Amino acid sequence: MTCAEFQKALPDIIDGGGTEDQQKHLEECKVCADLVADLRYIAEAAKLLVPMEDPSPRVWNNIEREVEREGLAKPARRNV
Amino acid sequence: MTIAKKILANGVSEHEAIERAQKGDAESFEALYGLHKRRVYSLCLRMTGNTAEAEDLTQEAFLQLYRKIATFRGESAFSTWLHRLAVNVVLMHLRKKGLPEVSLEETLEPQQEDGPKKDIGTRDNVLAGSIDRVNLERAVESLPPGYRIIFVLHDVEGYEHNEIAEMMGCSIGNSKSQLHKARMKLRDLLKQSKAEKAANRR
């Protein structure tokens with residue numbers, strides 16, 4: 001298997017593991033092995049992106065105003 | 001913690017707050033906003049890369065929630081249902097703005113027969129251990145919008161390709177190939193930032 005053939009199948013290899021042939025190429029080719037390691041690392045690192053920021057208080061103020069305007073419910077009595 | 005056990009600031013469980021909000025209780029709706037605002041906002045922010053747009057979309061998502069909460073039947077977790085609603089709000093907005101379509105024609109660029117670029121595989125060049133949250137956050141922000149959306153939906157938010165294909169109106173294969181391109185682009189961006197950092201240290 002060539003690097004080009006291997007890399008064509010990368011999306012399935014990264015998320016699925018790959019066939020026996022692809023695994024063999026992975027063991028033998030450092031360039032492709034590093035590529036796979038990086039892509040798996042990126043997919044894993046995405047989990048670092050936990051929600052960190054709250055929206056500005058004006059978002060709730062606008063929601064409250066719009067809810068009142070549309071008559072969706074009685075207006076809330078306090079702010080978040 | 002299970003949803004039923006989440007206790008909100010006003011002393012009721014999330015489940016109770018949902019039931020009350022479904023009957024139009026504004027205070028319970030506000031409590032639900034308090035519980036979910038951060039994740040919804042963060043989703044909007046990551047998908048658009050723009051604070052003002054993310055605020056508008058968070059507002060729109062919760063207004064839609066207000067209008068639709070009576071139709072929530074509990075088949076899925078409330079947070080799952082709300083998030084799907086928020087994703088749809090963002091996608092609708094991006095489509096109106098001219099979201100770059102995920103083209104069905106697009107396939108992975110063919111590699112030369114003699115293999116990949118040789119500069120990508122030297123051991124000092126692997127990313128492992130070099131990415132922190134801020135780095136990654138910046139790199140995701142600078143992805144082209146089409147790639148960013150797929151990456152956020154799949155790798156950050158945890159949606160499956162079949163769900164993304166349904167939401168985006170594209171094929172599963174297309175979702176997979178776009179995700180792959182997004183990760184490849186991120187790899188380039190992260191390597192670049194790693195090289196810049198190393199150069200600054202010299």
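**Entry 1: confidence**

I started with the scores, since the model is predicted. The model comes with ipTM 0.82 and pTM 0.83. For chain A I read a mean pLDDT of 85, with 90% of its residues at 70 or more. Chain B averages 83, and 81% of the residues score at least 70.

Then I went element by element. In chain A, helix α2 (residues 10-16) has the lowest confidence, at a mean of 83, while helix α5 (residues 57-70) has the highest, at 93. In chain B the lowest mean among the elements belongs to α8(B), at 88, and the highest to α3(B), at 96.

Which residues of chain B fall below 50? I found residues 103-115 of chain B there, a stretch that still has 19 contacts in the model beyond near neighbours in sequence. Residues 117-122 of chain B also stay under 50, with nine contacts beyond four places in sequence.

**Entry 2: the build of chain A**

I looked up the secondary structure of chain A next and got five helices and zero strands. Along the sequence that reads α-α-α-α-α. How spread out is chain A? Its radius of gyration is 25 Å, well over the 12 Å that the globule rule gives for 80 residues, so chain A is more spread out than a compact globule. I also took the spans of the C-alpha trace along the principal axes, which are about 65 × 20 × 15 Å. As for burial, 29% of the 80 residues in chain A count as buried.

**Entry 3: two residues of chain A**

I picked Cys32(A), which sits in helix α4 (residues 30-45) of chain A. Buried or exposed? Cys32(A) has 24 other C-beta atoms within 10 Å, and the cut-off for buried is 20 or more, so it is buried. Setting aside neighbours within four places in sequence, I list its contacts as Cys3(A), Phe6(A), Gln7(A), His25(A) and Leu26(A). I also checked a distance to Ile42(A), ten residues along the chain, and the C-alpha atoms are 15 Å apart.

My other pick was Pro55(A), in the loop between α4 and α5 of chain A. Pro55(A) is buried too, because 24 other C-beta atoms lie within 10 Å. What does Pro55(A) touch beyond its neighbours within four places in sequence? I got Lys37(B), Tyr41(B), Glu55(B) and Thr58(B). Between the C-alpha atoms of Pro55(A) and Ala37(A), 18 residues apart along the chain, I read 35 Å.

**Entry 4: where B meets A**

I count 45 residues of chain B in contact with 40 residues of chain A. On the chain B side, α2 (26-48), α3 (51-68), α5 (133-141), α6 (145-156) and α8 (172-201) each supply at least two residues. Which element gives the most? That is α2(B), with eleven residues. By class, I get 18 nonpolar, eleven polar and 16 charged residues for the side of chain B that touches chain A.

**Entry 5: the two domains of chain B**

How many residues make the contact between them? Seven residues of domain 1 of chain B are in contact with ten residues of domain 2 of chain B. On the domain 1 side, α2 and α4 (78-97) of chain B each supply at least two residues. I sorted that side by class and got four nonpolar, two polar and one charged.

**Entry 6: the core**

Last, I looked for the largest nonpolar core, and it has 63 residues. The residues with the most contacts inside this core are Cys44(B), Ala86(B), Ile150(B) and Phe151(B). α2(B) contributes the largest share, eleven residues. General background for the entry: in soluble globular proteins, nonpolar side chains tend to be buried together.

I followed up on Ile150(B). Leaving out neighbours within four places in sequence, Ile150(B) is in contact with Ile164(B), Ser175(B), Gln178(B), Leu179(B) and Ala182(B).

Key
Residues numbered from 1 in each chain as written. Chains lettered and ligands numbered in written order. Helix = DSSP H or I, 4+ residues; strand = E, 2+ residues; numbered from the N terminus. Nonpolar A, V, L, I, M, F, W, Y, C, P; charged D, E, K, R; others polar. pLDDT = per-residue confidence, 0-100. Rg over C-alpha atoms; globule rule 2.2 N^0.38 Å. Buried ≥ 20, exposed ≤ 12 C-beta atoms within 10 Å, placed from the backbone. Core = buried A, V, L, I, M, F, W, Y, C linked by C-beta atoms within 7 Å.
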